[in-house]
Amino acid sequence: MAFSKDFIWGAAAAAYQVEGAWNEDGKGPNIWDVTAKYNEHIKHSETGEVSADHYHHMKEDVALMKEMGLKAYRFSISWTRVLPEGIGKVNEKGLQFYSDLVDELLANGIEPLVTIYHWDYPYALEQIGGWRNKASSDWFLEYTKVIVDALSDRVKYWMTLNEPQCALGCGYLVGAFAPFQKCSTPELLEMGANMLLAHGKAVKYIRENAKQESKISMAPYADCYAPEDDSPEAFEKAYKESFVSKGDQFLFSMSYWSDPIYLGHYPEDFMAQFGDMVPKFTDEEWAMISAPLDFYGVNIYRVGSGNASRGEYGRDWYQGRPHTGIGWAVTPEALYWAPKMLYKRYGLPVMITENGMSEHDWVSLDGKVHDTYRIDFTHRYLRELKRVSEEIPLVGYMHWSVMDNYEWADGYDERFGLIYVDYQTQKRTIKDSGYWYKSVLESNGSEL
Ligand code: NOJ
(Lines give C-alpha, C1' and ligand atoms only; values in the text may rest on other atoms or scores of the structure.)
Protein backbone atom coordinates (compact mmCIF):
# COMPACT_ATOMS: atom_id res chain seq x y z
CA MET A 1 0.00 0.00 0.00
CA ALA A 2 1.31 3.46 -0.79
CA PHE A 3 0.21 7.03 -1.27
CA SER A 4 0.58 8.32 -4.82
CA LYS A 5 3.85 10.12 -5.44
CA ASP A 6 2.13 13.46 -5.98
CA PHE A 7 0.12 13.15 -2.73
CA ILE A 8 0.12 16.58 -1.03
CA TRP A 9 1.20 16.49 2.63
CA GLY A 10 0.51 19.70 4.47
CA ALA A 11 -1.03 21.46 7.43
CA ALA A 12 -3.72 24.07 7.86
CA ALA A 13 -4.81 27.12 9.84
CA ALA A 14 -7.32 29.94 9.48
CA ALA A 15 -6.94 33.71 9.60
CA TYR A 16 -8.91 34.59 12.73
CA GLN A 17 -7.44 31.67 14.63
CA VAL A 18 -3.77 32.55 14.13
CA GLU A 19 -3.20 36.03 12.76
CA GLY A 20 -3.96 38.43 15.61
CA ALA A 21 -3.33 42.06 14.54
CA TRP A 22 -7.09 42.42 14.60
CA ASN A 23 -7.11 46.19 14.05
CA GLU A 24 -3.78 46.85 12.42
CA ASP A 25 -2.78 48.27 9.05
CA GLY A 26 -6.33 49.18 8.09
CA LYS A 27 -8.06 45.88 8.86
CA GLY A 28 -11.80 46.24 9.45
CA PRO A 29 -13.76 44.39 12.15
CA ASN A 30 -15.37 41.01 11.56
CA ILE A 31 -18.18 39.38 13.55
CA TRP A 32 -15.73 37.62 15.89
CA ASP A 33 -13.82 40.85 16.59
CA VAL A 34 -17.01 42.60 17.61
CA THR A 35 -19.22 39.99 19.24
CA ALA A 36 -16.92 37.39 20.85
CA LYS A 37 -15.55 39.51 23.66
CA TYR A 38 -17.29 38.69 26.94
CA ASN A 39 -19.82 36.46 25.24
CA GLU A 40 -21.04 33.80 27.68
CA HIS A 41 -20.17 31.02 25.20
CA ILE A 42 -16.50 31.93 24.98
CA LYS A 43 -14.15 30.30 27.46
CA HIS A 44 -12.22 32.83 29.56
CA SER A 45 -13.64 35.62 27.34
CA GLU A 46 -10.78 34.94 24.95
CA THR A 47 -10.64 36.36 21.43
CA GLY A 48 -8.39 36.24 18.39
CA GLU A 49 -7.13 39.79 18.92
CA VAL A 50 -3.51 38.68 19.37
CA SER A 51 -3.62 34.89 19.14
CA ALA A 52 -0.39 33.41 17.71
CA ASP A 53 0.38 36.81 16.16
CA HIS A 54 1.10 35.11 12.85
CA TYR A 55 0.61 38.47 11.13
CA HIS A 56 3.91 39.61 12.66
CA HIS A 57 5.62 36.20 12.75
CA MET A 58 4.78 35.11 9.22
CA LYS A 59 8.36 34.56 8.01
CA GLU A 60 9.35 32.69 11.15
CA ASP A 61 6.25 30.50 10.82
CA VAL A 62 6.95 29.66 7.19
CA ALA A 63 10.52 28.77 8.16
CA LEU A 64 9.13 26.34 10.77
CA MET A 65 6.80 24.86 8.15
CA LYS A 66 9.83 24.29 5.99
CA GLU A 67 11.69 22.72 8.88
CA MET A 68 8.80 20.24 9.22
CA GLY A 69 9.08 19.50 5.51
CA LEU A 70 5.50 20.61 4.70
CA LYS A 71 4.62 20.45 1.02
CA ALA A 72 1.53 22.63 1.42
CA TYR A 73 -0.03 25.15 3.76
CA ARG A 74 -3.79 25.67 3.77
CA PHE A 75 -4.66 29.11 5.13
CA SER A 76 -7.67 31.39 4.94
CA ILE A 77 -7.86 35.04 4.05
CA SER A 78 -9.35 37.52 6.46
CA TRP A 79 -12.07 39.20 4.39
CA THR A 80 -11.90 42.45 6.38
CA ARG A 81 -8.12 42.67 6.22
CA VAL A 82 -8.55 42.93 2.47
CA LEU A 83 -11.88 44.77 2.34
CA PRO A 84 -12.37 46.49 5.71
CA GLU A 85 -16.08 47.09 5.09
CA GLY A 86 -16.58 43.78 3.30
CA ILE A 87 -17.13 45.55 -0.03
CA GLY A 88 -15.87 48.79 -1.57
CA LYS A 89 -12.46 50.11 -0.69
CA VAL A 90 -9.59 47.63 -0.85
CA ASN A 91 -6.97 47.74 1.92
CA GLU A 92 -3.74 47.37 -0.05
CA LYS A 93 -1.66 46.67 3.06
CA GLY A 94 -3.90 43.75 3.97
CA LEU A 95 -3.72 42.33 0.48
CA GLN A 96 0.05 42.75 0.55
CA PHE A 97 0.27 40.54 3.64
CA TYR A 98 -1.26 37.62 1.73
CA SER A 99 0.81 38.32 -1.35
CA ASP A 100 3.95 38.25 0.81
CA LEU A 101 2.80 35.06 2.52
CA VAL A 102 2.29 33.37 -0.83
CA ASP A 103 5.73 34.51 -2.02
CA GLU A 104 7.35 33.31 1.18
CA LEU A 105 5.67 29.91 0.90
CA LEU A 106 6.65 29.44 -2.72
CA ALA A 107 10.22 30.53 -2.02
CA ASN A 108 10.34 27.73 0.55
CA GLY A 109 8.82 25.14 -1.76
CA ILE A 110 5.42 25.10 0.00
CA GLU A 111 2.23 25.09 -2.07
CA PRO A 112 -0.33 27.70 -0.92
CA LEU A 113 -3.92 26.42 -0.57
CA VAL A 114 -6.34 29.29 -0.04
CA THR A 115 -9.63 29.10 1.85
CA ILE A 116 -11.73 32.08 0.86
CA TYR A 117 -14.13 32.10 3.81
CA HIS A 118 -13.38 30.60 7.21
CA TRP A 119 -16.11 32.14 9.42
CA ASP A 120 -14.75 35.69 10.00
CA TYR A 121 -17.61 37.50 8.26
CA PRO A 122 -17.33 41.29 7.85
CA TYR A 123 -19.19 43.09 10.64
CA ALA A 124 -20.24 45.94 8.33
CA LEU A 125 -22.03 43.44 6.09
CA GLU A 126 -23.54 41.58 9.05
CA GLN A 127 -25.16 44.85 10.08
CA ILE A 128 -27.00 45.04 6.79
CA GLY A 129 -28.27 41.49 6.98
CA GLY A 130 -25.19 39.40 6.29
CA TRP A 131 -26.03 36.12 4.57
CA ARG A 132 -29.75 36.97 4.86
CA ASN A 133 -29.30 39.79 2.36
CA LYS A 134 -30.06 38.88 -1.26
CA ALA A 135 -26.93 40.77 -2.28
CA SER A 136 -24.66 38.64 -0.07
CA SER A 137 -23.55 36.31 -2.86
CA ASP A 138 -22.51 39.35 -4.91
CA TRP A 139 -20.55 40.70 -1.94
CA PHE A 140 -18.77 37.37 -1.74
CA LEU A 141 -18.07 37.56 -5.45
CA GLU A 142 -16.61 41.06 -5.09
CA TYR A 143 -14.28 39.83 -2.33
CA THR A 144 -13.33 36.74 -4.36
CA LYS A 145 -12.45 38.92 -7.36
CA VAL A 146 -10.06 41.02 -5.29
CA ILE A 147 -8.09 38.06 -3.97
CA VAL A 148 -8.18 35.99 -7.16
CA ASP A 149 -6.96 38.94 -9.23
CA ALA A 150 -4.14 39.54 -6.77
CA LEU A 151 -3.03 35.98 -6.03
CA SER A 152 -4.05 33.58 -8.78
CA ASP A 153 -0.81 34.11 -10.67
CA ARG A 154 0.78 32.15 -7.81
CA VAL A 155 -2.12 30.35 -6.09
CA LYS A 156 -3.59 27.30 -7.79
CA TYR A 157 -5.74 25.72 -5.03
CA TRP A 158 -8.92 27.45 -3.86
CA MET A 159 -11.50 26.37 -1.29
CA THR A 160 -14.60 28.53 -1.19
CA LEU A 161 -16.37 27.84 2.13
CA ASN A 162 -14.94 26.19 5.24
CA GLU A 163 -17.45 24.12 7.22
CA PRO A 164 -20.52 26.07 6.18
CA GLN A 165 -22.31 23.71 8.59
CA CYS A 166 -20.65 25.47 11.53
CA ALA A 167 -20.64 28.97 10.08
CA LEU A 168 -24.42 28.84 9.84
CA GLY A 169 -25.34 26.10 12.31
CA CYS A 170 -23.18 27.28 15.21
CA GLY A 171 -23.44 31.00 14.42
CA TYR A 172 -27.11 31.36 13.57
CA LEU A 173 -29.00 28.23 14.71
CA VAL A 174 -27.39 27.20 18.00
CA GLY A 175 -25.94 30.66 18.69
CA ALA A 176 -22.69 29.35 20.18
CA PHE A 177 -20.34 31.00 17.67
CA ALA A 178 -20.21 34.60 16.46
CA PRO A 179 -22.51 36.37 15.88
CA PHE A 180 -24.38 34.25 18.48
CA GLN A 181 -27.83 34.35 16.95
CA LYS A 182 -30.76 31.98 16.87
CA CYS A 183 -32.60 32.40 13.61
CA SER A 184 -35.86 30.99 12.29
CA THR A 185 -35.92 28.16 9.78
CA PRO A 186 -37.01 30.39 6.85
CA GLU A 187 -34.14 32.74 7.60
CA LEU A 188 -31.66 29.86 7.78
CA LEU A 189 -32.91 28.46 4.49
CA GLU A 190 -32.42 31.85 2.89
CA MET A 191 -28.91 32.20 4.30
CA GLY A 192 -27.93 28.69 3.25
CA ALA A 193 -29.17 29.36 -0.28
CA ASN A 194 -27.17 32.58 -0.44
CA MET A 195 -24.04 30.76 0.69
CA LEU A 196 -24.50 28.09 -1.97
CA LEU A 197 -24.91 30.82 -4.55
CA ALA A 198 -21.85 32.63 -3.23
CA HIS A 199 -19.86 29.42 -3.71
CA GLY A 200 -21.18 29.12 -7.29
CA LYS A 201 -20.37 32.70 -8.23
CA ALA A 202 -16.87 32.39 -6.78
CA VAL A 203 -16.19 29.16 -8.69
CA LYS A 204 -17.36 30.74 -11.95
CA TYR A 205 -15.13 33.74 -11.41
CA ILE A 206 -12.07 31.66 -10.60
CA ARG A 207 -12.60 29.36 -13.59
CA GLU A 208 -12.99 32.25 -15.98
CA ASN A 209 -10.40 34.65 -14.60
CA ALA A 210 -7.66 32.90 -12.68
CA LYS A 211 -4.23 33.48 -14.18
CA GLN A 212 -3.44 29.78 -14.21
CA GLU A 213 -5.43 26.57 -14.28
CA SER A 214 -7.01 26.24 -10.84
CA LYS A 215 -8.01 23.38 -8.57
CA ILE A 216 -11.22 24.32 -6.81
CA SER A 217 -13.22 22.75 -4.00
CA MET A 218 -14.66 23.62 -0.60
CA ALA A 219 -14.13 22.26 2.90
CA PRO A 220 -17.26 21.06 4.70
CA TYR A 221 -16.87 18.59 7.54
CA ALA A 222 -17.97 14.98 7.38
CA ASP A 223 -18.94 12.86 10.38
CA CYS A 224 -19.79 9.65 8.51
CA TYR A 225 -21.08 6.62 10.41
CA ALA A 226 -19.00 3.45 10.54
CA PRO A 227 -20.81 0.21 9.62
CA GLU A 228 -21.66 -2.03 12.57
CA ASP A 229 -20.13 -5.11 10.93
CA ASP A 230 -18.50 -6.23 7.67
CA SER A 231 -21.69 -6.99 5.78
CA PRO A 232 -22.81 -5.02 2.70
CA GLU A 233 -26.10 -4.36 4.53
CA ALA A 234 -24.30 -2.70 7.42
CA PHE A 235 -22.37 -0.54 4.96
CA GLU A 236 -25.59 0.54 3.21
CA LYS A 237 -27.21 1.35 6.53
CA ALA A 238 -24.26 3.44 7.69
CA TYR A 239 -24.04 5.12 4.28
CA LYS A 240 -27.71 6.13 4.39
CA GLU A 241 -27.44 7.40 7.95
CA SER A 242 -24.39 9.43 7.02
CA PHE A 243 -26.25 11.50 4.44
CA VAL A 244 -29.51 12.14 6.30
CA SER A 245 -30.54 15.79 6.13
CA LYS A 246 -33.66 16.63 8.03
CA GLY A 247 -35.10 18.30 11.07
CA ASP A 248 -33.66 21.51 12.46
CA GLN A 249 -30.26 19.93 12.15
CA PHE A 250 -30.27 19.97 8.34
CA LEU A 251 -27.61 22.69 8.44
CA PHE A 252 -25.17 20.31 10.14
CA SER A 253 -25.62 17.60 7.54
CA MET A 254 -23.22 16.90 4.71
CA SER A 255 -25.82 16.40 2.03
CA TYR A 256 -27.58 19.77 2.49
CA TRP A 257 -24.33 21.45 1.39
CA SER A 258 -22.73 18.87 -0.85
CA ASP A 259 -25.66 17.50 -2.85
CA PRO A 260 -26.47 20.90 -4.44
CA ILE A 261 -22.82 21.55 -5.19
CA TYR A 262 -21.73 18.11 -6.35
CA LEU A 263 -25.01 16.60 -7.57
CA GLY A 264 -26.99 19.65 -8.64
CA HIS A 265 -30.00 19.19 -6.35
CA TYR A 266 -31.02 19.35 -2.70
CA PRO A 267 -31.22 16.02 -0.81
CA GLU A 268 -34.56 14.24 -1.15
CA ASP A 269 -35.30 13.87 2.57
CA PHE A 270 -34.59 17.57 3.06
CA MET A 271 -36.94 18.52 0.19
CA ALA A 272 -39.63 16.19 1.49
CA GLN A 273 -39.58 18.10 4.75
CA PHE A 274 -39.06 21.71 3.69
CA GLY A 275 -40.32 21.67 0.07
CA ASP A 276 -42.06 24.97 -0.58
CA MET A 277 -40.10 26.80 2.10
CA VAL A 278 -36.83 26.28 0.23
CA PRO A 279 -35.74 29.32 -1.81
CA LYS A 280 -35.73 28.57 -5.53
CA PHE A 281 -32.73 28.88 -7.83
CA THR A 282 -32.98 29.65 -11.55
CA ASP A 283 -31.45 27.16 -14.00
CA GLU A 284 -28.54 29.52 -14.47
CA GLU A 285 -27.97 29.67 -10.71
CA TRP A 286 -28.13 25.89 -10.41
CA ALA A 287 -25.54 25.64 -13.18
CA MET A 288 -23.19 27.90 -11.23
CA ILE A 289 -23.78 26.17 -7.90
CA SER A 290 -23.12 22.74 -9.35
CA ALA A 291 -20.32 23.61 -11.76
CA PRO A 292 -17.75 20.77 -11.70
CA LEU A 293 -15.09 20.95 -9.01
CA ASP A 294 -11.68 19.30 -9.06
CA PHE A 295 -11.71 17.32 -5.85
CA TYR A 296 -13.80 16.81 -2.72
CA GLY A 297 -12.17 18.77 0.12
CA VAL A 298 -13.33 17.65 3.56
CA ASN A 299 -12.52 18.09 7.25
CA ILE A 300 -12.67 14.77 9.10
CA TYR A 301 -12.14 14.29 12.83
CA ARG A 302 -14.40 11.43 13.91
CA VAL A 303 -17.16 9.06 12.91
CA GLY A 304 -20.82 9.98 13.43
CA SER A 305 -21.91 10.02 17.09
CA GLY A 306 -18.31 10.46 18.11
CA ASN A 307 -19.33 13.46 20.13
CA ALA A 308 -21.36 12.00 22.99
CA SER A 309 -18.86 12.92 25.70
CA ARG A 310 -21.56 14.42 27.91
CA GLY A 311 -24.48 12.31 26.74
CA GLU A 312 -25.46 8.76 27.47
CA TYR A 313 -23.23 5.88 26.49
CA GLY A 314 -24.29 4.41 23.17
CA ARG A 315 -23.07 2.72 20.04
CA ASP A 316 -19.91 4.76 19.67
CA TRP A 317 -19.30 5.84 23.23
CA TYR A 318 -18.54 3.57 26.15
CA GLN A 319 -17.08 3.95 29.59
CA GLY A 320 -13.49 5.13 29.41
CA ARG A 321 -13.61 5.77 25.68
CA PRO A 322 -10.40 7.36 24.37
CA HIS A 323 -11.14 10.99 23.61
CA THR A 324 -9.14 14.12 22.96
CA GLY A 325 -8.77 17.24 25.08
CA ILE A 326 -11.81 18.86 23.53
CA GLY A 327 -13.83 15.69 24.18
CA TRP A 328 -14.01 14.14 20.72
CA ALA A 329 -13.86 10.38 20.41
CA VAL A 330 -10.68 8.93 18.93
CA THR A 331 -12.07 7.08 15.92
CA PRO A 332 -9.30 6.51 13.34
CA GLU A 333 -11.67 4.53 11.11
CA ALA A 334 -13.26 7.88 10.23
CA LEU A 335 -10.42 8.37 7.73
CA TYR A 336 -11.38 5.13 6.04
CA TRP A 337 -15.17 5.26 5.98
CA ALA A 338 -15.79 8.93 5.27
CA PRO A 339 -13.55 9.19 2.17
CA LYS A 340 -14.98 5.91 0.90
CA MET A 341 -18.58 7.07 1.32
CA LEU A 342 -17.90 10.54 -0.06
CA TYR A 343 -16.27 9.05 -3.13
CA LYS A 344 -19.20 6.71 -3.64
CA ARG A 345 -21.66 9.60 -3.49
CA TYR A 346 -19.75 12.40 -5.21
CA GLY A 347 -17.23 10.55 -7.38
CA LEU A 348 -14.29 12.93 -6.93
CA PRO A 349 -10.80 12.38 -5.54
CA VAL A 350 -10.75 13.35 -1.87
CA MET A 351 -8.50 15.82 -0.09
CA ILE A 352 -8.50 15.76 3.71
CA THR A 353 -8.50 19.51 4.30
CA GLU A 354 -8.36 19.06 8.11
CA ASN A 355 -7.70 16.29 10.60
CA GLY A 356 -5.96 16.39 13.97
CA MET A 357 -6.51 16.51 17.71
CA SER A 358 -6.45 18.93 20.61
CA GLU A 359 -4.69 18.37 23.90
CA HIS A 360 -3.45 20.45 26.77
CA ASP A 361 0.20 20.27 25.78
CA TRP A 362 3.00 21.99 27.65
CA VAL A 363 6.75 22.43 27.32
CA SER A 364 8.72 19.84 29.32
CA LEU A 365 11.78 20.55 31.46
CA ASP A 366 13.98 19.66 28.51
CA GLY A 367 12.37 22.44 26.46
CA LYS A 368 10.53 20.04 24.15
CA VAL A 369 6.87 19.17 23.73
CA HIS A 370 6.43 15.39 24.06
CA ASP A 371 2.98 14.92 22.56
CA THR A 372 3.15 11.16 22.10
CA TYR A 373 -0.67 10.96 22.08
CA ARG A 374 -0.81 13.21 18.98
CA ILE A 375 1.74 11.02 17.24
CA ASP A 376 -0.28 7.93 18.09
CA PHE A 377 -3.55 9.60 17.08
CA THR A 378 -2.22 10.77 13.72
CA HIS A 379 -0.47 7.47 13.09
CA ARG A 380 -3.72 5.56 13.61
CA TYR A 381 -5.73 7.95 11.44
CA LEU A 382 -3.16 7.98 8.63
CA ARG A 383 -3.07 4.18 8.54
CA GLU A 384 -6.79 4.24 7.83
CA LEU A 385 -6.26 6.85 5.14
CA LYS A 386 -3.58 4.66 3.64
CA ARG A 387 -6.02 1.73 3.68
CA VAL A 388 -8.63 3.70 1.76
CA SER A 389 -5.98 4.96 -0.68
CA GLU A 390 -6.04 1.42 -2.11
CA GLU A 391 -9.69 1.85 -3.01
CA ILE A 392 -10.25 5.47 -4.01
CA PRO A 393 -8.17 8.36 -5.38
CA LEU A 394 -6.81 10.80 -2.80
CA VAL A 395 -5.30 14.23 -3.36
CA GLY A 396 -3.71 15.13 -0.04
CA TYR A 397 -3.86 15.44 3.73
CA MET A 398 -3.73 18.73 5.69
CA HIS A 399 -3.06 18.28 9.38
CA TRP A 400 -5.02 20.59 11.68
CA SER A 401 -3.29 22.59 12.75
CA VAL A 402 0.09 23.87 11.74
CA MET A 403 0.36 25.73 15.06
CA ASP A 404 -1.61 26.17 18.28
CA ASN A 405 -4.37 28.72 17.87
CA TYR A 406 -7.70 30.16 18.96
CA GLU A 407 -10.19 27.32 19.08
CA TRP A 408 -13.28 29.54 18.75
CA ALA A 409 -15.60 29.17 21.77
CA ASP A 410 -12.99 26.93 23.45
CA GLY A 411 -10.44 29.72 23.40
CA TYR A 412 -6.77 28.82 23.90
CA ASP A 413 -7.09 25.79 26.20
CA GLU A 414 -7.30 23.42 23.28
CA ARG A 415 -4.01 23.06 21.43
CA PHE A 416 -4.24 21.47 17.99
CA GLY A 417 -0.84 22.49 16.61
CA LEU A 418 2.22 20.67 15.36
CA ILE A 419 3.97 23.79 16.64
CA TYR A 420 3.51 24.83 20.25
CA VAL A 421 2.86 28.54 20.80
CA ASP A 422 3.60 30.19 24.14
CA TYR A 423 0.99 32.94 24.05
CA GLN A 424 2.80 34.95 26.72
CA THR A 425 6.03 35.25 24.77
CA GLN A 426 5.05 34.14 21.25
CA LYS A 427 7.89 31.63 21.37
CA ARG A 428 7.34 28.71 19.00
CA THR A 429 8.47 25.12 19.61
CA ILE A 430 8.00 22.34 17.10
CA LYS A 431 6.32 19.50 19.00
CA ASP A 432 7.53 15.90 18.78
CA SER A 433 4.50 15.30 16.52
CA GLY A 434 5.83 17.94 14.11
CA TYR A 435 9.11 16.05 13.75
CA TRP A 436 7.27 12.74 13.49
CA TYR A 437 5.04 14.18 10.76
CA LYS A 438 8.17 15.28 8.93
CA SER A 439 9.40 11.67 8.83
CA VAL A 440 6.00 10.57 7.49
CA LEU A 441 6.20 13.10 4.66
CA GLU A 442 9.76 12.18 3.85
CA SER A 443 8.83 8.53 3.40
CA ASN A 444 5.53 9.46 1.66
CA GLY A 445 3.73 7.49 4.35
CA SER A 446 5.50 4.21 3.57
CA GLU A 447 6.35 3.57 7.24
CA LEU A 448 2.87 4.03 8.61
C1 NOJ B 1 -12.92 22.82 12.13
C2 NOJ B 1 -12.62 24.23 11.78
O3 NOJ B 1 -12.54 24.43 10.39
C4 NOJ B 1 -11.43 24.81 12.48
O5 NOJ B 1 -11.54 26.19 12.45
C6 NOJ B 1 -11.36 24.26 13.89
O7 NOJ B 1 -10.37 24.87 14.65
C8 NOJ B 1 -11.12 22.78 13.82
N9 NOJ B 1 -12.12 22.13 13.03
C10 NOJ B 1 -11.06 22.10 15.18
O11 NOJ B 1 -12.26 22.29 15.82
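Q: Where is Phe 180?
A: Phe 180 lies in the loop between H8 and H9. Helices are DSSP runs of H or I with at least four residues, strands are E runs of at least two, and both are numbered from the N terminus. This is a predicted model: local features need pLDDT of at least 70, side-chain atom pairs need pLDDT 80 or more, and totals for chains, interfaces and linings use all residues. Residues are numbered from 1 along each chain as its sequence is written, and side-chain values use heavy atoms, without hydrogens and water.

Q: What is phi of Phe 180 near?
A: Phi of Phe 180 is near 55 degrees, a positive value in a non-glycine residue. Most residues other than glycine have a negative phi.

Q: Phe 180: buried or exposed?
A: Phe 180 counts as buried, at 16% relative accessibility. Buried means under 20% relative accessible area, exposed over 50%, partly exposed in between (1.4 Å probe, protein chains only).

Q: And what about Ser 45?
A: Ser 45 has a positive phi too, near 55 degrees. Ser 45 sits in the loop between H2 and helix H3 (54-67). At 31% relative accessibility, Ser 45 is partly exposed.

Q: Which residues does the cis bond with omega of about 5 degrees join?
A: Ala 178 and Pro 179. Pro 179 is in the loop between H8 and helix H9 (185-209). The peptide bond from Trp 400 to Ser 401 is also cis, with omega near 10 degrees.

Q: How far is the Gln 17 side chain from a ligand oxygen?
A: An N or O atom of that side chain is 2.7 Å from a ligand oxygen; a polar contact is a pair of N or O atoms within 3.5 Å. For Asn 162 the distance is 2.8 Å, and for Trp 400 it is 3.3 Å. The protein buries 96% of the 290 Å² that the ligand exposes taken alone (Shrake-Rupley method, 1.4 Å probe).

Q: Now cavities. How many of 30 Å³ or more?
A: There are 3. A cavity is a set of points on a 1 Å grid over the protein atoms alone where a 1.4 Å probe fits but cannot get out; lining residues have an atom within 4 Å of a point. Volume is the space filled by probe spheres set on the points.

Q: What lines the largest cavity?
A: Its lining includes Trp 119, Ala 178 and Pro 179. H8 gives the most, with 4 residues.

Conventions. On a 1 Å grid over the protein atoms alone, a cavity is a set of points where a 1.4 Å probe fits but cannot get out, and a pocket is an open set with protein on both sides within 12 Å along at least five of seven lines; lining residues have an atom within 4 Å of a point. A polar contact is a pair of N or O atoms within 3.5 Å; within protein, one must be able to donate a hydrogen and the other to accept it, and residues adjacent in sequence count only if both atoms are side-chain atoms.
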